[in-house]
Amino acid sequence: MKYYELTYLVSPELSEEKIKNFSEKTNSFIKEEGGSLGKVKNPLKRELGYLIKKRGTAYLISVDFHLDSKKLENLEKKLKSESQVLRYVITKKEKKVIEIPAKIFRKEPVLRKVSGKEIPAPERPGRAPKVELKEIEKKLEEILGE
């Protein structure tokens, strides 16, 4: 199964309740073809840049879903048969996979040498270890020679 996004425009003459019912109907088209729904965005009324089927406004609906590529044609036929759909587009999406380096998940603290002394490494990359305020004041007095 591949990951797709369906974005479509629906006639503005429908009431908001009928728009939600129509959205559920198109979602059922995907389920009928053996697909599974991902993120479903709420319908938004939008002003169009140009007239589409003699309409200047439309409801914009977007749905992410998984579907076998062979069954995509059947879904398109169902969308074309609906008179409320002014225009639609189906795009293939890439799944975002984030790989986290294993070194971030070290269990034992790592020691490093600073001025000949071993001290624990920072817990997070790019961050210094936490130091108590008293230690900072002591070092300042030492530096300033008080």
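Mentor: Keep in mind that this is a predicted model. Among contacts between residues at least 6 apart in sequence, 68% join residues at least 24 apart.

Trainee: What is the order of the elements along the chain?
Mentor: From the N terminus they run β-α-β-β-β-α-β-β-β-α, which gives three helices and seven strands.

Trainee: Okay, salt bridges. Why is the pair Glu13 and Arg55 called a salt bridge?
Mentor: The closest N and O atoms of Glu13 and Arg55 are 3.1 Å apart. The cut-off is within 4 Å, for a side-chain nitrogen of Lys or Arg and a carboxyl oxygen of Asp or Glu, so the pair qualifies. The two residues sit in distant parts of the chain, with Glu13 in the loop between strand E1 and helix H1 and Arg55 in strand E4, 42 residues apart.

Trainee: What makes Glu13 exposed?
Mentor: Its relative accessible area is 59%, and exposed means over 50%, so Glu13 gets that label. Arg55 has 22%. Buried would need a value under 20%, so Arg55 is partly exposed.

Trainee: Which strand holds Asp64, and where is Lys93?
Mentor: Asp64 is in strand E4, while Lys93 is in the loop between E5 and strand E6, so the pair connects parts 29 residues apart in sequence. Their side chains meet in a salt bridge at 3.3 Å, N to O.

Trainee: And what makes Asp64 buried?
Mentor: A relative accessible area of 5%. That is under 20%, so Asp64 is buried. Lys93 has 27% and is partly exposed.

Trainee: How many salt bridges does the structure hold?
Mentor: Five. Glu32, Glu33 and Lys78 are linked in a network of them.

Trainee: What share of the chain is buried?
Mentor: Buried residues make up 25% of the 146 residues. As for the accessible surface, it comes to about 11700 Å², and 51% of that belongs to carbon and sulfur atoms.

How values were computed
Residues are numbered from 1 along each chain as its sequence is written. This is a predicted model: local features need pLDDT of at least 70, side-chain atom pairs count only at pLDDT 80 or more; totals for chains, interfaces and linings use all residues. Side-chain values use heavy atoms; hydrogens and water are left out. Helices (H or I, at least four residues) and strands (E, at least two) are DSSP runs, numbered from the N terminus. Buried means under 20% relative accessible area, exposed over 50%, partly exposed in between (1.4 Å probe, protein chains only). Contact means heavy atoms within 4.5 Å. Accessible areas come from the Shrake-Rupley method with a 1.4 Å probe; for residues, only the protein chains shown count as cover.
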